[in-house]
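This briefing goes through selected strands, helices and side-chain contacts of one protein model. Please keep the sequence and the 3D view open while reading.

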Amino acid sequence: LKQLTPRPVVGVGRFTSPDQMVRQVKQGLMDFIGAARPSIADPYLPKKIDEGRVDDIRECIGCNICVTGDMTMGLSRCTQNSSFMEEWRKGWHPERMRNVAPAKKVLVVGSGPAGLSAAHRLGLRGYAVALAEARKEVGGRVTLESRLPGLSAWARVRDYRMGQIGKMTNVEVYRDSALTAEDVLAFGAQHVCLATGAVWRRDGVARFHLKPVPVADGVRVLTPDDIMAGAAVTGHVLIYDDDHYYMGGVMAEALLKMGCSVTLVTPSVKVSEWATNTLEQGFIQQRLLLAGVDVRVSRALVAAMPGEAVIACTYTGREERVACDAVLMVTARLPVDDLQNAMLAVKGQWADHAIESVAAIGDAEAPSSAIAWSTYAGHRYAEDLDEPERGDGLPFRREIAELLP
């Protein structure tokens, strides 16, 4: 294009790397970079490039969760920039936290997207923060999911926040530190934030089935957690996807890479139906069909026995049998609430240990398929902690239209 016209050339197309953006301009391939989604993830991206603060850039992960607000006529969210859409409504700023925190200590349990977001934002407010992670690796679900096919950009959620936390003297990270209620009581924190995440269900309960699916003894039942933990899987696997976002398709690709053959069953009329809102559904279904996945839409898993599964049409109830060596449930998720329940059991001791509050956030409170809701939950926890409630009882400002006389 530069050879065809003397006019300035503006290029778009999911530029997320600042290095790539600068290279395009310096090499004369383009005069301007159009970066809409990266500017949502970090409105100060050009300024940070100009000042040489590339490590401070919140790189867009390309999840398109921002588009879902348009598609569903609701509030948009951004996985990386949780202040997006809340700048006026809640007064949130993408770089600065309002108010200086009192001299209090906060214990954040769990270093997934919610815990990392909370620790980062609490640190900006001035709290003394201890971030405890039960595993050696931080990042929770974003670290695990970033190793799956096509999801490597998910790691940016962890890397940005860990990079910022690493610059803070008031935030300490403790790895390989599983905590009990007794540990929490003895820690000496005034506030306890439980960001312990969630696990995938094994019983088939989600949107279509509200009761467990009958599974006979001897059937190998898997979940995405097993695959992400490195479980060895062979043969033909039936994936039952009642989640309808990206995980079902990603699991199919992961199993294909292991050498398995795959049948994907979903009660929806198409694969990954909710991904229509992120403009990805067509690409996902195309990839699976071209890869040889046996796709069965408008079908629900109704039973599983050794060597086969029974599926039924969601309209007629007509049953079919599918030979399989294992069933992989991509359905609903359950909060990891053991520590939360243990802390509630000793609530009478909180005051004796100067604990003012204990709260579960993110997937530990209400599991969501979208990581953006976890980073938002962490940010909101940090913003609201020790803040007085608004006089009108609303957690946000609102405009009230009035007619002129």
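The notes below are grouped by topic, from sheets to individual side chains. The model is predicted. Five strands form an open parallel sheet, and six aromatic pairs are counted.

**The five-strand sheet**

- The strand order is β8-β15-β9-β10-β11, with parallel pairing.
- β8 (221-222) and β11 (294-296) are the edge strands, and each of them pairs on one side only.
- β8 is joined to β15 by two bridges, and Leu 222 stands opposite Leu 328 in β15.
- Strand β9 (residues 236-241) is joined to β15 by five bridges, again in parallel; there, Asp 241 has Val 330 as its bridge partner.
- Strand β10 (residues 261-265) pairs with β11 over three bridges in the parallel sense, and Thr 263 stands opposite Asp 294 in β11.

**Burial of strand β15**

- In β15 (residues 326-330), five of the five residues are buried.
- In a regular strand the side chains alternate between the two faces of the sheet.
- One side of β15 carries Ala 326, Leu 328 and Val 330, the other Val 327 and Met 329, and both faces are covered.

**Helix α11**

- Which residues of α11 (residues 281-290) are buried? They are Gln 281, Ile 284, Gln 285 and Leu 288.
- These four cover an arc of only 90° around the axis, so they lie on the same side of α11.
- An α-helix has 3.6 residues a turn, so residues three or four places apart point the same way.
- Phe 283 and Leu 290, on the other side of α11, are exposed.
- The packing partners of the buried residues of α11 are α10 (247-257) and β10.

**Strand β6 and its partners**

- Strand β6 (residues 191-194) has His 191 and Cys 193 pointing one way and Val 192 and Leu 194 the other way; all are buried.
- Strand β3 (residues 105-109) pairs with β6 in the parallel sense over four bridges, and Val 106 has His 191 as its bridge partner.

**Aromatic pairs and cluster**

- A pair of aromatic rings is described by the distance of the centres and the angle of the planes.
- Among the six aromatic pairs, Tyr 174 and Phe 187 are edge-to-face, at 6.5 Å centre to centre and with 85° between the planes.
- Tyr 174 belongs to strand β5 (residues 171-174) and Phe 187 to helix α8 (residues 181-187), so this pair ties together parts that are 13 residues apart in sequence.
- Tyr 174 is partly exposed at a relative accessible area of 33%, and Phe 187 is partly exposed at 28%.
- The ring centres of Tyr 245 and Trp 274 are 5.0 Å apart and the planes stand at 80°, so this pair is edge-to-face.
- Tyr 245 lies in the loop between β9 and α10, and Trp 274 in the loop between β10 and α11, so the pair ties together parts that are 29 residues apart in sequence.
- Tyr 245 is buried, with a relative accessible area of 5%, whereas Trp 274 is partly exposed at 35%.
- Tyr 245 and Trp 274 form one aromatic cluster together with Trp 154 and Tyr 246.

**Charges over rings**

- Arg 77 has its charged end over the ring of Tyr 376, 4.0 Å from the ring centre.
- Arg 333 has its charged end over the ring of Trp 200, 5.6 Å from the ring centre.

**Glu 145**

- The side chain of Glu 145 makes a polar contact with the side chain of Tyr 246, at 2.5 Å.
- With neighbours within four places in sequence left aside, the contacts of Glu 145 are Leu 151, Trp 154, Met 228, Tyr 246, Met 247 and Ile 371.
- Trp 154 and Tyr 246, among these contacts, are also members of the aromatic cluster.

Conventions: Residues numbered from 1 in each chain as written. Predicted model: local features only at pLDDT ≥ 70, side-chain atom pairs only at ≥ 80, totals over all residues. Heavy atoms only, no water. Pairing = 2+ DSSP bridges. Buried < 20%, exposed > 50% of the residue type's maximum accessible area, 1.4 Å probe, protein only. Arc of directions from axis to C-beta. Contact = heavy atoms within 4.5 Å. Phe/Tyr/Trp six-rings, centres within 6.5 Å; stacked < 30°, edge-to-face > 60°. Lys NZ or Arg CZ within 6 Å of the ring centre and 35° of its normal. Polar contact = N/O pair within 3.5 Å; in protein donor to acceptor, adjacent residues only side chain to side chain.
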